[in-house]
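Here is a briefing on a structure. Look through the sequence and the 3D view, then read the points grouped by topic.

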Amino acid sequence: MKKITVIVRNLPFNTRRNAEALRMSVGLTLREDKVTVIFMDDGVYTATPIKPEIIHFASLDREFGALAMLKCRMLADKSSMENRGISDIIDKIQPVEREELVRTITESDIVIPF
Amino acid sequence: MKLGILLTTSPENENTNTVIEISKAARDEGHEVSIFLMYDGVYNVNKKEFAELVDKGVDIAICALNAEQRKVAKVDGILFGSQYDHACIASDVDRFISFG
């Protein structure tokens with residue numbers, strides 16, 4: 001079993017990359033590898049309880065639900081959150097210190113910045 | 001050695017040339033190479049130099065959902081697959097590189 005880490009760093013509303021990163025993360029579990037998703041830099045906005053459907057942008061609820069059901073760890077960089085004044089994130093995502101992120105990344109067999 | 005590559009950018013990005021040259025060099029050294037294309041990376045099947053990697057023995061699979069969304073037509077020798085094919089590549093290779 002490999003440890004695979006996917007890093008989401010983009011803003012949520014100017015690209016479909018973040019949604020695709022989450023869809024890919026769900027797919028990567030199909031061979032029973034251990035997948036972790038990290039939200040950092042502007043990617044932490046994706047971890048907030050936003051309502052994209054208000055502007056007719058596809059919701060990520062399904063992807064978040066699937067990842068949680070598959071017991072994939074979802075981590076948000078506390079430092080990125082603090083720099084952007086973000087204190088409220090989705091309950092499925094755990095805010096962690098940067099040291100924990102570094103440990104997760106360095107222990108991974110594959111790291112995919114998406 | 002088995003090398004896996006994920007490419008998510010379209011052909012105008014320098015990533016395409018890098019992937020082509022890395023793949024050729026790896027094949028010349030006798031390594032197995034598997035490439036998965038998704039997101040805008042699916043457009044690379046339309047680039048002649050990229051599609052010719054199949055003739056060098058490179059396995060190329062693409063996300064059929066992303067291809068359909070972008071009206072990318074099927075190309076001989078390239079598997080129009082799914083995220084499961086990506087999972088298999090990631091799980092089976094010795095080294096994995098992501099270009100996005």
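**Briefing: two chains and their contact**

In strand S5 of chain A, A:Val111 stands opposite A:Thr5. This is a predicted model, in which local features need pLDDT of at least 70, side-chain atom pairs count only at pLDDT 80 or more, and totals for chains, interfaces and linings use all residues. Residues are numbered from 1 along each chain as its sequence is written, while chains are lettered from A and ligands numbered from 1 in the order in which they are written. Helices (H or I, at least four residues) and strands (E, at least two) are DSSP runs, numbered from the N terminus.

**Strand S5 of chain A**

- S5(A) pairs with strand S1 (residues 3-8) of chain A in the parallel sense, over four bridges. Two strands pair if DSSP finds at least two bridges between them.
- The covered face of S5(A) holds A:Ile110 and A:Ile112. The uncovered face holds A:Val111 and A:Pro113.

**Chain A overall**

- Chain A has four helices and five strands. Along the sequence they follow the pattern β-α-β-α-β-α-β-α-β.
- The radius of gyration of chain A is 13 Å, close to the 13 Å that the globule rule gives for 114 residues, so chain A is as compact as a globular protein of that length. The radius is taken over C-alpha atoms, and the rule is 2.2 Å times the number of residues to the power 0.38.
- Its C-alpha atoms fill a box of roughly 40 × 30 × 20 Å along the principal axes.
- Of the 114 residues, 39% count as buried. Buried means 20 or more other C-beta atoms within 10 Å of the residue's own, exposed means 12 or fewer, and partly exposed lies in between; C-beta atoms are placed from the backbone.
- Among contacts in chain A with a separation of 6 or more, 76% come from residues 24 or more positions apart. A contact requires C-beta atoms, placed from the backbone, within 7 Å.

**A:Glu99**

- A:Glu99 lies in helix H4 (residues 98-106) of chain A. A:Glu99 is exposed, with 8 other C-beta atoms within 10 Å.
- A:Asp77 is 22 residues from A:Glu99 along the chain, and their C-alpha atoms are separated by 9.6 Å.

**Where the chains meet**

- Chain A gives 15 residues to the contact and chain B gives 14 residues.
- Helix H1 (17-28) and strand S5 (110-113) of chain A each supply at least two residues of the side that touches chain B. The largest share, six residues, comes from H1(A).
- That side of chain A has eight nonpolar, one polar and six charged residues. Ala, Val, Leu, Ile, Met, Phe, Trp, Tyr, Cys and Pro count as nonpolar, Asp, Glu, Lys and Arg as charged, and the others, Gly among them, as polar.
- H1(A) and H4(B) pack at about 65°, with axes 8 Å apart. Axes are lines fitted to C-alpha atoms, for helices over the stretch in contact, and angles run from 0 to 180 degrees between N-to-C directions.
- A:Arg23, A:Met24, A:Gly27 and A:Leu28 of H1(A) meet B:Gln83, B:Tyr84, B:His86, B:Ala87 and B:Ala90 of H4(B). These residues divide into five nonpolar, three polar and one charged.

**The sheet of chain B**

- An open sheet of five strands runs in the order S4-S3-S2-S1-S5 (chain B), with parallel pairing. The edge strands are S4 (79-81) and S5 (95-99) of chain B.
- Three bridges join S3 (residues 59-63) of chain B to S4(B). B:Phe80 in S4(B) is the bridge partner of B:Ile62.
- Helix H4 (residues 83-92) of chain B runs at about 145° to S2(B).

Key:
Contact = placed C-beta atoms within 7 Å.
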